[in-house]
Amino acid sequence: MHYMNLQLDDKAQAIVSELLTDLDNQNGLFKMTARFAALIDGQLKDNDYVGTVTWFSDDDYIEHEIEYSANSSTHS
C-alpha cells in the first residue's frame, strides 16, 4: 500500500482534528493513504483554510508544498 505523510500547521490540525486521531504521527508528519489525504484536503478547502501543507511520499521520496489561499477551490 502506498503511504504519504502530511505536515499540517496548528490551524490545519484544528480543522481536521477528528481525522487525525488514529493516524501515526512521527515528528509532526501524519502517515496516511492518498485517499485519506484527499479527505483532509476536502475538509481544509470546505473550511476556507489558508496556509501551506507539506506532503512527503515514503515510496518515491517526493516532497511537495500545497498552498491554500482564501476563496480558492483549487490548490497548486
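**The salt bridge**

Modeller: Lysine 45 and aspartate 41 join their side chains in a salt bridge, with 3.2 Å from N to O. Keep in mind that this is a predicted model. Side chains of opposite charge can pair when their charged atoms come close. The structure holds one salt bridge.

Now look at the helix. Both residues belong to helix α3, which covers residues 34-46. They are four residues apart, so about one helical turn separates them.

Next, check the surroundings. Aspartate 41 has a relative accessible area of 16%. The cut-off for buried is under 20%, so aspartate 41 is buried. Lysine 45 has 23% relative accessibility and counts as partly exposed.

Step back to the chain. It has three helices and five strands. Along the sequence they run β-α-α-β-β-α-β-β. Of the 76 residues, 28% are buried. The radius of gyration is 12 Å. A compact globule with 76 residues would have one near 11 Å, so the chain agrees with that. Its C-alpha atoms fill a box of roughly 35 × 25 × 20 Å along the principal axes.

Finally, return to charge. The chain carries 4 positive and 14 negative charges. Their mean positions lie 5 Å apart.

Methods. Residues numbered from 1 in each chain as written. Predicted model: local features only at pLDDT ≥ 70, side-chain atom pairs only at ≥ 80, totals over all residues. Heavy atoms only, no water. Salt bridge = Lys/Arg side-chain N within 4 Å of Asp/Glu carboxyl O. Helix = DSSP H or I, 4+ residues; strand = E, 2+ residues; numbered from the N terminus. Buried < 20%, exposed > 50% of the residue type's maximum accessible area, 1.4 Å probe, protein only. Rg over C-alpha atoms; globule rule 2.2 N^0.38 Å. Lys, Arg positive; Asp, Glu negative; His and termini not counted. Charge placed at Lys NZ, Arg CZ, Asp CG, Glu CD.
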